[in-house]
Amino acid sequence: MRNSVKSTGGVTYDQIFKAIGDPHRLLILSLLREKEMSAGEILQALDIVQSTLSHHMKSLTDAGVVTAVRHGKWTYYSLNTECLSGAAAFLEEYAQGTRQYADKGGGEDKPVKTPQNAPAAAAEETDAPDAPAAAEKKKSKKGKKGKKNKK
């Protein structure tokens, strides 16, 4: 489903988040937090080729996250703080909703599944007293079935 909520620049928030969701683009944003920079300065700081930088800058400018201004043969880039502030406010609305849900007692008993704790969270949700032992028991039964079929 496409996020149809428009940001202040007429771009959708999903376009903004997609643009800033790349590690190289986040590095570019970090550089631009300090000062306005030319493409050449960004190239030197990131040690990437010009075509790759052009691709990233197009994504950032199309999403309205970065503004580009031509001065002669150089293009200078800077952060569009209005766009980033709007996206941050959009996320804050969801964070407030999450906090309100947690304050009302919602979701406190179940651990949040993240890539780091997903196996632990899955083990806690089972009714088995020792989830790893139960998993091992299942493995041994599968092994026995396989041996019976081979005979």
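Modeller: Contact here means heavy atoms within 4.5 Å, and helices (H or I, at least four residues) and strands (E, at least two) are DSSP runs numbered from the N terminus. The model is predicted: local features need pLDDT of at least 70, side-chain atom pairs count only at pLDDT 80 or more, and totals for chains, interfaces and linings use all residues. Residues are numbered from 1 along each chain as its sequence is written, and side-chain values use heavy atoms, leaving out hydrogens and water.

Biologist: Which residues of H2 are buried?

Modeller: Buried means under 20% relative accessible area, exposed over 50%, and partly exposed in between (1.4 Å probe, protein chains only). On the other side of H2, Pro-23, Arg-33 and Glu-34 are exposed. The buried ones are Arg-25, Ile-28, Leu-29 and Leu-32.

Biologist: What do the buried residues of H2 pack against?

Modeller: They meet both helices and strands. The partners are helix H1 (13-20), strand S1 (37-38), helix H3 (39-46), helix H4 (50-62), strand S2 (66-71) and strand S3 (74-79).

Biologist: Is Leu-27 buried or partly exposed?

Modeller: Leu-27 belongs to helix H2. Its relative accessible area is 45%, so Leu-27 is partly exposed.

Biologist: At what angle do the axes of H2 and H4 cross?

Modeller: Axes are lines fitted to C-alpha atoms, for helices over the stretch in contact, and angles run from 0 to 180 degrees between N-to-C directions. The axes of H2 and H4 come within 10 Å of each other, and the crossing angle is roughly 75°.
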